[in-house]
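User: I have a structure to go through with you. Can you take my questions as they come?

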Amino acid sequence: MALQAIFLLVSAFTLLMALGAVLARNLFHAALFLVGAFFGVSVLYFLLEAEFLAIAQIIIYIGAIATLIVFAIMLSRGMMGPEAGQHNRYAPFAALALFFLFLLVAWLFNIARFEYSEQAVAPDAIAQIGRAFVTTYVVPFEVASILLVVALIGAIMLARERTS
Amino acid sequence: MNLSSLNWNSLLPELVIVATSLIVLITAVVGKVSRVDRIARGHALAVVTLIGLLIAAGLTIMQLSQPASDFMGMVQSDALSHYLNLVILLAAALAVLLAWDYLGRFTYSFSEFYSLLLLAVAGMMFLGKSTELITLFVSLEILSISLYILTGFNRHQLASAEASLKYFLLGAFASGFIVYGAALLYGDTGSTWFSDIAANASGGFLTLAGFALLLVGFAFKIAAVPFHMWTPDAYQGAPTPVTAFMSVGTKAAALVALFRVLQSAVSAPYETWAWALAILSLLTMTVGNVAALRQTSIKRLLAYSSIAQAGYMLIGLVAGTVLGLQAMLFYLFAYAFMNIGAFACASLLESDDWSELQDASMANARGLFSRQPLLATALAIFMFSLAGIPPLAGFFGKLYLFDAAIDAGWLWLALVAVINSVISAYYYMRVVVVMFMEAPDESTRVRLPIPDSAILAIVIAVLGALLLGILAGPSFASLGQAVVAWRF
């Protein structure tokens, strides 16, 4: 019962933050609301005992993506002002489309038959994932580090000042 | 499990390439050099890169005689991947020779360029070897991201940045398709290994949709119609050595990876996918050739021509037989020589204003024969080979491909391909006519003096196009022996 109450509280928090992200007039505030929404989702993952997913959500969405968005807003001129609204004249259409999407998703959830597993979550799930990274999946794991090198060089190439 | 018990040999060429790339990268931060020395340092880096490529090629050749091996089922080191490695390394080496003089004209970022090129090579080599979806995706991203950056390498030029951005945006979509397809296949089978997918695929909607999405993603990477929209702009805007490299390397690696993926789709019979590939091939060669007819820029003409060539190479996959695979590999070798050779010649006809689009217009080649007879002859040889005129490599490549198609019962596709070759002859010959029959005027332009490195690249490419043609029989047969050894 207590868990359900926490779930409802966290869900409400997440939804409010998401609404704030869409409705805030100041783009920077919107980004901060987005961080809050991401955080709420990660708490939901914790409640579902999906610890790895929850931590990945924090590292990737709050640590990387939200920071990227904040930087992008701060670095682009004319976006910081409080009068820079997020909405144009198509906003009602977007809302309408979203409403139908919501109906569709609700309908799909209604007809879908999800399979449930009786198996409990392994207490050392994160440790198991870590071991899999360096045993079974060592090749893609190591190759991904090459990908990171490529991305680093690329970022430096893009950001560096032009010299003639 | 013990890491030392693994078969590291099967990944040795790739490791050498990555190590070379890191060595090249580190030199960027060692010491400060004056502007004059920078060019010399660039040449030194090119030499290091070439040595790395040669070592990797040597290791690959040594592995040719060894039986196929795998690395924890993630990568498969077999005849297919060895020959693919050789094509990629050849393309990269020729691209380095092209970049030798070209690069120093607009940038001093030599170490970044060569290390990105090497990393793209490593990505391609991993891609051709991967037998597991995660490895496949990560290696595909390595090569894609390196090539996005290399495409926009000339930062003084708007067209280069535009090409890079277009390539990036559409490429990101293609990657999305591949991830989505991989996710569906994983959902269907509970595994990312090709062998498990083949064994457990339900054959239902999930399997079909998964493979179809992967096919779309790969079709984008090999620039097959209707997923080719980015190609002309990206190929025209990119620095020419990069264009030459990616037009060969990406196609080769993606074709081999696509073959491995589709081979694992045994639960949905290969014929289903052969039909999809056949339609893709038909569209690709026809649209590529027809669009090339109207081009006035040699670089753009070669871009459309390379779309059409991808259509021919897809025929090998359509056949799906040993003969088809063998023909595709042979064609890849021939294509590496003649296409990079053609781009090498085109790079010498470009304007010297580096803030403008680096483009070799058809007018620049007017009467080239009377100004530079050897260069004109070399370009003519590449054009003849691309058009498929005997006794050059391109002719035999097409012959083997069409033969494999007929052998596998795809007579109509072979006929369409023959008709397409006739169409393509028109625009390839137009370049030759402009060079040999017309008189030079003020628009004729050659970058003089022609750098020795470019001459070397062109000579290698000419020799390759000639020798692969003259020795087509024996080289095709030796490819065959190796490919047959591959499990079917």
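User: How many residues does each chain put into the contact?
Analyst: Chain A gives 22 residues and chain B gives 31 residues, with contact meaning heavy atoms within 4.5 Å. This is a predicted model, where local features need pLDDT of at least 70, side-chain atom pairs count only at pLDDT 80 or more, and totals for chains, interfaces and linings use all residues. Residues are numbered from 1 along each chain as its sequence is written, chains are lettered from A and ligands numbered from 1 in the order in which they are written, and side-chain values use heavy atoms, leaving out hydrogens and water.

User: What area do chain A and chain B bury between them?
Analyst: About 2,300 Å², with 78% of it on carbon and sulfur atoms. Buried area here is the accessible area (1.4 Å probe) that two parts lose on being put together, summed over both.

User: Which helix gives the largest share on the chain A side?
Analyst: Helix 6 (residues 138-159) of chain A, with 13 residues. Helices are DSSP runs of H or I, at least four residues, numbered from the N terminus.

User: How many salt bridges cross the interface of chain A and chain B?
Analyst: The rule finds zero. A salt bridge needs a side-chain nitrogen of Lys or Arg within 4 Å of a carboxyl oxygen of Asp or Glu.

User: And how many over all chains?
Analyst: The count comes to 10. One of them joins Arg131(A) and Asp124(A), at 3.6 Å, N to O.

User: Switching to chain B. What does Lys166(B) pair with?
Analyst: Lys166(B) meets Asp233(B) in a salt bridge at 2.7 Å, N to O. That pair links distant parts of the chain, 67 residues apart: Lys166(B) is in helix 6 (residues 158-189) of chain B and Asp233(B) in helix 9 (residues 231-237) of chain B.

User: Which residues are in the network with that pair?
Analyst: Salt bridges link Glu162(B), Lys166(B), Asp233(B) and Arg300(B) in a network.

User: What about Lys299(B) and Glu350(B)?
Analyst: Their side chains form a salt bridge at 3.9 Å, N to O. Lys299(B) is in helix 12 (residues 298-319) of chain B, and Glu350(B), 51 residues apart from it, lies in the loop between helix 13 (322-348) and helix 14 (368-371) of chain B.

User: Is Lys299(B) buried or exposed?
Analyst: Buried, at 0% relative accessibility. Buried means under 20% relative accessible area, exposed over 50%, and partly exposed in between (1.4 Å probe, protein chains only). Glu350(B) also counts as buried, at 1%.

User: And Lys166(B)?
Analyst: Lys166(B) is partly exposed, at 30% relative accessible area. Asp233(B) counts as partly exposed at 25%.

Methods. Helix = DSSP H or I, 4+ residues; strand = E, 2+ residues; numbered from the N terminus.
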